[in-house]
Amino acid sequence: VQLQAFGGGLVQAGGSLRLSCEASRGTFSRYGMAWLRQAPGKERELVARIRSGGSSAYADFLKGRFTISRDNAKDTVYLQMNSLKPEDTAVYYCAAYSWDWGWEGTTYDYWGQGTLVTVSS
């Protein structure tokens, strides 16, 4: 599976962005998908996951600001980000997983190249 992420950019605090991640060369629908991010000088962190069946989970720090969704007909996963804050500035990565070992234990089989989101204050 090849993943390609789109949609990053510069946005003012309080604004919104939608990230997209398109999959190719694989059966997208059988994979769970996730968005992770890495801010400068910080470790990568999991933001949101969505199972192949559509159930989703989010990092506690988001407090409902982001929504992950998927369109299996388009082999695409999305991350709608609202009420963006400067601390959301990071490179955002999409990733695919085959086996679900929970929020902390899952490892990712495939990664997209990352897309930079910059939130100005």
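User: Which residues does F66 touch, not counting residues up to four places away in sequence?

Analyst: F66 touches R37, V47, Y58, L79, Q80, M81, N82, L84, D88 and Y92. Contact here means heavy atoms within 4.5 Å. This is a predicted model, in which local features need pLDDT of at least 70, side-chain atom pairs count only at pLDDT 80 or more, and totals for chains, interfaces and linings use all residues. Residues are numbered from 1 along each chain as its sequence is written, and side-chain values use heavy atoms, with hydrogens and water left out.

User: What makes F66 buried or exposed?

Analyst: Buried means under 20% relative accessible area, exposed over 50%, and partly exposed in between, with a 1.4 Å probe and protein chains only. F66 has a relative accessible area of 3%, so it is buried. F66 lies in strand β7; strands are DSSP runs of E with at least two residues, helices are runs of H or I with at least four, and both are numbered from the N terminus.

User: How far apart are F66 and D88 in sequence and in space?

Analyst: They are 22 residues apart in sequence, and their C-alpha atoms are 11 Å apart.

User: Which residues have the most contacts inside the largest nonpolar core, and what makes it a core?

Analyst: A nonpolar core is a set of buried Ala, Val, Leu, Ile, Met, Phe, Trp, Tyr and Cys residues joined through side-chain atoms within 4.5 Å. The largest one has 29 residues, and those with the most contacts inside it are M33, W35, F66, V77, L79, M81 and Y92. Strands that each supply at least two residues of this core include β4 (32–38), β5 (45–50) and β11 (115–120). A second, separate core has six residues, among them L36, A95, Y97 and Y108.

User: What is V77 in contact with, leaving aside its neighbours within four places in sequence?

Analyst: Its contacts are L19, S20, C21, F28, M33, W35, I50, I68, S69 and R70. C21 is also the bridge partner of V77, which belongs to β8.

User: How do you know that β3 and β8 are paired?

Analyst: Two strands pair if DSSP finds at least two bridges between them. Six bridges join β3 (residues 17–24) to β8, and the two run antiparallel. They belong to an open, antiparallel sheet of four strands in the order β1-β3-β8-β7.

User: Why are β1 and β7 said to stand at the edges?

Analyst: β1 (2–6) and β7 each have a single partner strand, so one side of each is left without a neighbour in the sheet.

User: Where is S83 found, and what makes it partly exposed?

Analyst: S83 is found in the loop between β8 and β9 (90–97). Its relative accessibility is 41%, so S83 counts as partly exposed. S83 is a residue other than glycine with a positive phi, near 50°.
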